[in-house]
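Morning, everyone. Have a look at the structure while I talk.

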Amino acid sequence: MKKIIFISYIGASFLSVGAFKVTTKIIPVPDGSKKYYHTLYTGNVNYQLFSMVKEKAGKSYIKSIGLLSSTNSRRFSKRGWWSGGFLTTRPDIFKYPAEVKTTVSGVEYSFFAPVGTIKLTFTADSQANKLFFQLQLPGPQKDLNLQMMALPGDMLKKQAAKRQRAAVTPKRNIIGNGTSVKYQLAKDESWVYLYDTKNNPGEKGSFFSTCAVLFNPNEIASAELQLGGYSVHLRMRLAPDKKDFSFILWEFPGKDHFQCIKAMQELKMEFK
């Protein structure tokens, strides 16, 4: 049974025609690494997981996992969750040997840590606009932190005056001031929508995206949002008595961020 059960969910107005499939593209690079592109085609919002894999002493190491999205299956947005590596952990599981494989419904990354195998699984459904993410540990861990990084709306790295990062939770709308500020999330702030007040994908096109995440508050010991002038970070300390953690990720390429905020605020779910 899924630990996040939806009573209703956003995306009904975003539907389009298409069949679900998972594809893999591997590109060798000069330093011996390989670029892996795993694409989950839903027929609605398509998600692409990008990872760099390097071989060392006969073992594979995954350097990072990035996330991209598209609604037209051709050009994927690099805005939203960071395409270069949106997911990190502390302690760092990416230093361990790993493997990646596809399944009928998504992609599974396995990291072979001294404590046992740690799995990150990403799945989607036909006609969906969301990506399910599950973290599975071999057993409860006392001090494991998960961080997600986003560049919502647009990058504009050297043009600070043209961006203003912002976030919406079930309880508040947080507008950034161009500096890095940390906010502790309450137990009833189980989702975060990230956007930029000066860069609306609904006006800029499908190569631009905002993003969101929903987590089960029963599985998170604490959560902190860091709203920076350029990047946005969500840091979660995982519950030390749990070994399975469920998340739902969204990207909204080309979608008006006011419409996305309204849809997130109408979201209803229950947690098990």
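**Strands, rings and cysteines**

Start with a hairpin: S9 and S10 form one, with two residues between them. Strands here are DSSP E runs of at least two residues, helices are H or I runs of at least four, and both are numbered from the N terminus.

Ground rules, quickly. This is a predicted model, so to speak of a local feature we need pLDDT of at least 70, and side-chain atom pairs count only at pLDDT 80 or more, while totals for chains, interfaces and linings use all residues. Residues are numbered from 1 along each chain as its sequence is written, and side-chain values use heavy atoms, with hydrogens and water left out.

S9 and strand S10, residues 116-123, pair in the antiparallel sense over eight bridges. Two strands pair if DSSP finds at least two bridges between them. Val107 stands opposite Phe122 in S10.

Now the other side of S9. S8 and S9 form a hairpin too, with three residues between them. Five bridges join these antiparallel strands. Glu99 has Ser110 in S9 as its bridge partner.

How many of the eight residues of S9 are buried? Seven are, so S9 is largely enclosed by the rest of the structure. Buried means under 20% relative accessible area, exposed over 50%, and partly exposed in between, with a 1.4 Å probe and protein chains only.

Zoom out to the sheet. Nine strands form an open sheet, in the order S8-S9-S10-S11-S20-S17-S16-S13-S14. The pairing is antiparallel. Which strands stand at the edges? They are S8 (98-102) and S14 (173-175). Each has a single partner strand, so one side of each is left without a neighbour in the sheet. The twist averages 15° from one strand to the next. Axes are lines fitted to C-alpha atoms, for helices over the stretch in contact, and angles run from 0 to 180 degrees between N-to-C directions.

Within that sheet, look at S11 (residues 130-136) and S20 (residues 244-251). They run antiparallel, and seven bridges join them. Lys130 has Trp250 in S20 as its bridge partner. Helix H2, residues 257-265, packs on the sheet. H2 touches S13 (165-168), S16 (191-196), S17 (211-215) and S20. Contact means heavy atoms within 4.5 Å. The direction of H2 makes about 170° with that of S16.

There is another open sheet. Four strands form it, in the order S2-S3-S4-S5, with antiparallel pairing. S2 (21-28) and S5 (59-70) stand at its edges. Each of these has a single partner strand, so one side of each is left without a neighbour in the sheet. Here the twist averages 20° from one strand to the next. S4, residues 46-56, pairs with S5 in the antiparallel sense over eleven bridges. Leu49 stands opposite Leu67 in S5.

Next, the rings. Rings of Phe, Tyr and Trp (its six-membered ring) pair if their centres lie within 6.5 Å; planes under 30 degrees apart count as stacked, over 60 as edge-to-face and the rest as tilted. By this rule the count comes to nine aromatic pairs. One of them is Phe94 with Phe111, edge-to-face, at 5.0 Å centre to centre and 70° between the planes. This pair links distant parts of the chain, 17 residues apart: Phe94 is in the loop between S7 (87-90) and S8, and Phe111 is in S9 (residues 106-113). Phe94 is buried, with a relative accessible area of 10%. Phe111 counts as buried at 0%.

Take Tyr193 and Phe252. Their ring centres are 5.8 Å apart and the planes are at 65°, so the pair is edge-to-face. Tyr193 is in S16 and Phe252 is in the loop between S20 and H2, 59 residues apart. Both Tyr193 and Phe252 are buried. Then there is a cluster: Tyr109, Phe122, Phe133 and Phe247 form one aromatic cluster.

Charges over rings come next. The rule: NZ of Lys or CZ of Arg within 6 Å of the ring centre and within 35 degrees of the ring normal. The charged end of Lys21 sits over the ring of Tyr41, 5.2 Å from its centre. The charged end of Arg75 sits over the ring of Phe207, 3.7 Å from its centre.

For Cys211, the nearest cysteine sulfur is that of Cys260, 10 Å away. Cys211 counts as buried, at 0% relative accessibility. Cys260 counts as buried too, at 1%.

Definitions and conventions. A disulfide is a pair of cysteine sulfur atoms within 2.5 Å.
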